[in-house]
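Visitor: I have a chain to look over. Please show it, and then take me through the fold in order.

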Amino acid sequence: MSPFRSPRNTQPRNTQPRHTEPQLPSEMPEVIVQRSARRKKTVSAHFSGESVILAVPQSATRREVEQWKTTLVPKIVAKRERAQRNARRRSTDDGLWRMAQELSANYLDGKARPTEVKWSSRQNTRWGSATPSTGVIRISTRLATVPDWVLETVVLHELVHLLEAHHNDRFWSLARRHPKANDAAQFLDGVAWADANPRGGPAATV
């Protein structure tokens, strides 16, 4: 809540709504234009490393390409910067704790009550762990940059372990209450495969 401040003057203020321009990124990356004969009208942009790939129709004019550079690309960059800011906020133990509290309330009726939720750099073969006797949950730092919905499913998984130690029917009925539980499992399988394949190491599990 913002602190109360007394008005500086008694002059009537303009009550018309102000138009706020969207905040654009301070620095723009290199833009690589890729023309495709298969594209007729659609245009897309995505990051490849630190550059943005702008995919346009083969017939697009220079003027159209420049317009897309100034309208579409800044939105892609701003979206990435927002995601990075969110990742930094949740990268703290406090961020994990807040996420765990919200997940417990939303999916477990607040019954899972951890005593501590923290990041751990020692979770090399697991995405997370929970100790029901102490209520401590540890989440692998390898998940620090995954999408929110993926991290949420892992945290929820460990919260359920505080209620049910074994992977039985009751456990899965609770853990799968997250609407993206199946998608997240596939995402993590892909990450584990990519991690394990190049060096032949063990895949991470939960």
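Predicted model: local features only at pLDDT ≥ 70, side-chain atom pairs only at ≥ 80, totals over all residues.

Visitor: What about helix 2 itself: how far apart are its end C-alpha atoms?

Guide: Helix 2 covers residues 93-107, which makes 15 residues. At 1.5 Å a residue it should span 21 Å, and its end C-alpha atoms are 21 Å apart, so expectation and model agree.

Visitor: Which residues of helix 2 are buried?

Guide: They are Gly95, Leu96, Met99, Ala100, Leu103 and Ser104. Viewed down the axis of helix 2, the buried residues fall within an arc of 165 degrees, so they line one face of the helix. Asp94 and Glu102, on the other side of helix 2, are exposed.

Visitor: Why would residues three or four places apart point the same way?

Guide: An α-helix has 3.6 residues a turn, and therefore residues at that spacing point the same way.

Visitor: Let me step back. How many helices and strands does the chain have?

Guide: The chain has five helices and six strands. Read from the N terminus, the order of elements is β-β-β-α-α-β-β-β-α-α-α. The chain has 206 residues, of which 32% count as buried. Among contacts with a separation of 6 or more, 48% are between residues 24 or more positions apart.

Visitor: Take the sheet with strand 4 in it. What is its strand order?

Guide: The order is 4-6-5, in an open sheet of three strands with mixed pairing. Strand 4 (116-120) and strand 5 (128-131) are at the edges with a single partner strand each, so one side of each has no neighbour in the sheet. On average, neighbouring strands of this sheet are turned by 15 degrees against each other, direction ignored.

Visitor: In what sense do strand 5 and strand 6 pair?

Guide: Strand 5 and strand 6 (residues 136-140) pair in the antiparallel sense, over four bridges. Ala130 stands opposite Ile137 in strand 6. Their hairpin has four residues between the strands, and Gly135 there takes a positive phi near 80 degrees.

Visitor: Which helices pack on this sheet?

Guide: Helix 2 does, touching strand 4 and strand 6, and its direction makes about 130 degrees with that of strand 4. Helix 3 (residues 148-163) also packs on the sheet; helix 3 touches strand 4, strand 5 and strand 6, and its direction makes about 155 degrees with that of strand 6.

Visitor: On to the largest nonpolar core. Which members touch the most other members?

Guide: The core has 27 residues, and Ile139, Leu143, Leu151, Val155 and Leu159 touch the most other members. Two or more residues each come from helix 2, strand 4, strand 6, helix 3, helix 4 (169-175) and helix 5 (181-199). Helix 3 gives the largest share, eight residues.

Visitor: What does Val155 touch?

Guide: Setting aside residues up to four places away in sequence, Val155 touches Leu96, Met99, Ala100, Leu103 and Ile139. There is also a second, separate core of nine residues, including Ala60, Val65, Val73 and Val77.

Visitor: And the other sheet: what is its strand order?

Guide: Its three strands are in the order 1-3-2, forming an open sheet with mixed pairing. Neighbouring strands here are turned by 25 degrees against each other on average, direction ignored. Strand 2 runs antiparallel to strand 3 (residues 51-57), and five bridges join them. His46 is opposite Ile53 in strand 3.

Definitions and conventions:
Residues numbered from 1 in each chain as written. Heavy atoms only, no water. Expected span 1.5 Å × (residues − 1). Buried < 20%, exposed > 50% of the residue type's maximum accessible area, 1.4 Å probe, protein only. Arc of directions from axis to C-beta. Pairing = 2+ DSSP bridges. Axes fitted to C-alpha atoms, helices over the stretch in contact; angles between N-to-C directions. Contact = heavy atoms within 4.5 Å. Core = buried A, V, L, I, M, F, W, Y, C linked by side-chain atoms within 4.5 Å.
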